Amino acid sequence: MSTATENRGNVEKALRDEIEDLQNLVRRQQKLIQEQLGTIDQLEQQVKKQQERIAQLEEELREQKKLKGRPKIRASQLNTPKTNPEKEGKRAGSAKKSKKAGFQIDEEKIIQPEEIPVNAKFNGYRDYDVQELKIERHNIRFRLAEYVTEEGKTIVGQLPPEYRQGHYGPELVGYILYQHYQCRVPQTLIGEQIEEWGIDISTGQINQILTENKEVFHTEQKEVLAAGLETASFVHTDDTGARHQGKNGYCTVIGNQWFAYFRSSQSKSRQNFLQTLQGDNPIYVLNEYARSYLQSDNLAAKHWEKLQFSESVLAREESQWSSYLESKGILSSKARRLVSEAALLGGAITKGVSEDLRILSDGAGQFNVLVHALCWVHAERALRRLSGYTSQQRQNIEEMQQLLWDYYRQLQTYPENPTAENKRQLEEGFDTVFGRCYLHHSSLNQVLVGFRERKPQLLELLHCPQLPLHNNAAESDIREYVTRRKISGGTRSEAGRQARDTFVGLKKTCRKLGISFWHFLLSRLRGDGQVPPLPDVIRAKALAVT
């Protein structure tokens with residue numbers, strides 16, 4: 001018995017040792033698989049970067065060979081409404097409208113039949129309306145009567161106010177401005193067009209009409225920005241390239257549903273954005289808001305004792321501010337940048353910008369000031385860029401995208417009923433959706449970590465229900481410059497750059513306010529006040545909403 005028991009014990013021990021060896025082997029294999037998956041993920045990222053670089057080089061090669069470019073990637077589906085086949089009908093805006101509504105008759109012509117029988121009885125008229133446009137030269141010679149009094153004083157008749165700006169009337173000037181800034185017609189084509197109508201004008205005079213002596217428009221554009229920021233609970237912003245004098249530059253747009261303001265510069269830094277937020281003639285103020293900004297950015301301790309915080313304006317020009325920093329011994333580039341940003345932020349708030357103003361952007365760091373809100377469409381691109389290596393990874397990405405879209409549509413309904421309960425549910429829903437963790441898919445987990453880190457910026461809608469969930473409006477505004485860059489290249493003079501910024505901003509603002517840009521131009525050129533000041537219209541719109 002003892003021998004049998006000993007043998008059985010040896011067999012059991014051998015089995016346990018074998019099981020333990022197999023378990024150790026499984027653990028080693030699992031560890032090896034994890035290491036290989038990590039290596040695969042790294043290689044996948046490396047291959048992706050190389051593919052992007054190859055695609056960039058191919059695009060440059062196609063551009064040099066003037067070949068057709070690559071097709072653009074599909075648009076985000078976040079804002080694609082779910083269609084109901086039972087309710088599908090004609091597309092929005094396709095219904096025909098009456099052509100007689102608002103039809104005004106400028107000329108009436110009576111046409112008799114070629115032959116009227118003797119016994120024919122008149123039976124009235126059949127109306128046949130034709131819309132026509134009259135384009136013709138209309139030169140005016142003003143003969144100013146001149147009288148001499150007994151005292152030898154000369155009295156001369158005065159030109160009408162709208163004709164005192166030069167030898168080109170307001171409608172011709174307005175037409176040139178409209179063609180260039182509304183229709184994007186280059187100056188050379190404008191010259192050819194109006195010369196064919198018999199108008200004697202040089203290319204230099206056209207350029208002068210487009211760029212020079214536009215202070216009335218520049219002033220109104222500055223007031224548009226001030227009124228827009230004064231009445232806004234949020235603004236959207238974006239930037240793009242805008243060449244000037246043969247060098248690469250940038251243009252930044254700030255706006256919302258009622259206005260648009262453009263400013264071109266050589267930089268796209270946060271300092272430049274804060275200058276744009278102030279409009280022209282920015283001021284530098286180190287107040288309590290500037291102090292809070294410097295505290296959040298961890299300014300070096302040695303610089304704090306050099307600064308004094310108050311509501312006084314320290315500088316009104318960049319050169320003056322640079323001298324102030326030098327006088328304080330703030331010489332390092334990082335310290336100068338931080339203090340300059342803080343002073344510009346303080347100046348913006350001194351000028352009336354609300355400290356609670358929401359800045360909606362695509363996530364670019366230069367826009368991260370005041371209350372920063374992020375665009376969901378841009379955030380969703382991080383998921384679309386992922387390309388799973390295995391079928392399971394691709395399934396994980398697809399599942400996460402579907403969860404994101406479902407949650408996004410829940411956010412879209414929040415402004416209809418912005419209650420505390422709905423807010424709590426959406427905040428908890430965010431944690432449920434983006435708090436997930438996928439095994440063996442580190443790249444997807446990194447994207448989800450990014451969503452969790454930016455939760456306050458992505459959910460700013462819960463604090464401001466009128467805030468859009470995406471930055472499409474800003475991209476639509478800034479697309480104007482992308483189109484102009486392709487047509488006209490860039491600007492050459494400071495007056496030309498300022499005129500482009502001003503008129504594009506006024507055109508966009510008129511469109512958002514429902515005002516005809518053509519009528520706006522004529523009203524300002526004639527000075528007749530037929531179109532009210534745009535800042536007053538913006539304030540009226542804001543007052544009507546509140």
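Which residues line the second largest cavity? I looked this up in a predicted model, where local features need pLDDT of at least 70, side-chain atom pairs count only at pLDDT 80 or more, and totals for chains, interfaces and linings use all residues. Residues are numbered from 1 along each chain as its sequence is written, and side-chain values use heavy atoms, with hydrogens and water left out.

Entry 1, second largest cavity. I found its lining to be Ala373, Leu374, Trp376, Gln457, Leu458, Glu460, Leu461, Leu467, Pro468 and Leu469. I took a cavity as a set of points on a 1 Å grid over the protein atoms alone where a 1.4 Å probe fits but cannot get out, with lining residues having an atom within 4 Å of a point. The space in this cavity is about 40 Å³. By class the lining has eight nonpolar residues, one polar and one charged. Strand E9 (371-374) and helix H15 (455-458) each supply at least two of the lining residues; both are DSSP runs, helices (H or I) of at least four residues and strands (E) of at least two.

Entry 2, largest cavity. I noted about 50 Å³ of space here. The lining includes Glu44, Gln45, Lys48, Arg385 and His441, and divides into two nonpolar, five polar and three charged residues. Helix H1 (residues 2-65) gives the largest share, three residues.

I checked helix H5 (residues 215-231) against helix H19 (residues 534-545): their axes come within 8 Å and cross at roughly 15 degrees. That makes H5 roughly parallel to H19, a term for angles under 35 degrees.

Terms used
Axes are lines fitted to C-alpha atoms, for helices over the stretch in contact, and angles run from 0 to 180 degrees between N-to-C directions. Angles under 35 degrees count as roughly parallel, over 145 as roughly antiparallel, 65 to 115 as roughly perpendicular and the rest as oblique. On a 1 Å grid over the protein atoms alone, a cavity is a set of points where a 1.4 Å probe fits but cannot get out, and a pocket is an open set with protein on both sides within 12 Å along at least five of seven lines; lining residues have an atom within 4 Å of a point. Grid points are joined across faces, edges and corners, and a volume is the space filled by probe spheres set on the points. Ala, Val, Leu, Ile, Met, Phe, Trp, Tyr, Cys and Pro count as nonpolar, Asp, Glu, Lys and Arg as charged, and the others, Gly among them, as polar.
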